[in-house]
Amino acid sequence: MASPPAPPPSDRLEQLARDTGRAAPYTNDLVDGLPEPVRRYFGHAISPGTPLAAGAHLSMRGRIKLQRWLPFRARQVLVPCHGTVWAARIAGVISGSDRYVGGTGGLDWRLFGRIPLVHAEGDDVTRSAAERAAGESIWVPTALLPGSGADWSALDENSVAVAIAVDGHAVRLHHHIDDHGRIRTSTFQRWGDPDNQGRWAPHPFGLEVTQHRTFAGVTIPAAGRAGWHFGTDRWESGVFFRYEITAYRLITPYGHSAPGTEP
């Protein structure tokens with residue numbers, strides 16, 4: 001399969017990540033005062049000395065369900081508190097991007113790079129895209145430390161919650177973690193129209209994690225499956241995304257660098 005296209009221009013996201021990231025490295029005392037399950041999560045997710053990056057570049061591959069399952073390769077710029085651009089090539093013939101940048105969400109996809117297939121924008125698309133950026137914060141744990149605006153709490157010994165706002169779009173994520181602090185599932189209410197009936201509303205959206213991997217000093221859910229109707233009898237049919245992250249690089253403040261596998 002051909003390599004995915006480079007992400008569309010996302011200079012603003014990159015700049016926001018560099019401006020809002022912190023030059024100081026991660027130390028365990030940054031999470032002092034948080035509930036034990038939250039400290040356990042961060043203790044697993046971030047190695048001491050890791051730059052406090054606000055965003056990351058990712059490469060991934062997997063399969064996406066568009067009536068039937070198709071292979072994809074994608075690149076992503078993700079700055080959870082500000083937005084994301086996910087650019088992909090699907091089945092070697094469909095290319096385009098989903099995005100939330102500068103307060104606006106949208107998606108554009110073409111066949112053979114020329115024939116328009118899908119274009120969507122507007123308030124509903126924007127809200128759903130902003131909430132997606134928050135939901136994918138599991139891939140940039142350094143962006144959600146105390147002082148970032150994220151509000152953490154523990155629900156029980158193996159469940160934590162974090163409230164995030166992306167340009168005023170509020171999202172509350174629930175992570176089920178194991179005894180080592182690894183995320184096993186992550187869920188939230190996401191604005192959408194999963195049944196394509198023209199009626200947008202909050203729906204349960206979730207991720208099941210099948211593998212963790214360490215990149216650039218952070219350990220993230222590197223493989224899994226995601227979809228609508230999590231926790232209901234429609235979950236299996238609601239799954240539309242299976243992924244594996246293959247490369248990762250933190251976006252650090254200017255003058256600082258982080259190890260990683262280059263996307």
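**Close-up views around strand E7**

View 1. Start at the end of the pairing, where Val101 has Thr104 of E7 as its bridge partner. This is a predicted model, in which local features need pLDDT of at least 70 and side-chain atom pairs count only at pLDDT 80 or more, while totals for chains, interfaces and linings use all residues. Residues are numbered from 1 along each chain as its sequence is written, and side-chain values use heavy atoms, leaving out hydrogens and water. E6 (residues 94-101) pairs with E7 in the antiparallel sense over eight bridges. Strands (E, at least two residues) and helices (H or I, at least four) are DSSP runs numbered from the N terminus, and two strands pair if DSSP finds at least two bridges between them. Two residues lie between the strands, and Gly102 takes a positive phi near 65°.

**View 2. E7 also pairs with E8.** Here five bridges join E7 to E8 (residues 115-120), and the two run antiparallel. Leu107 has Ala120 of E8 as its bridge partner. In the turn of this hairpin, Phe112 has a positive phi of about 55°.

View 3. Trp109 counts as buried because its relative accessibility is 10%; buried means under 20% relative accessible area, exposed over 50%, and partly exposed in between (1.4 Å probe, protein chains only). Its side chain joins that of Asp98 in a polar contact of 2.9 Å, meaning a pair of N or O atoms within 3.5 Å; within protein, one must be able to donate a hydrogen and the other to accept it, and residues adjacent in sequence count only if both atoms are side-chain atoms.
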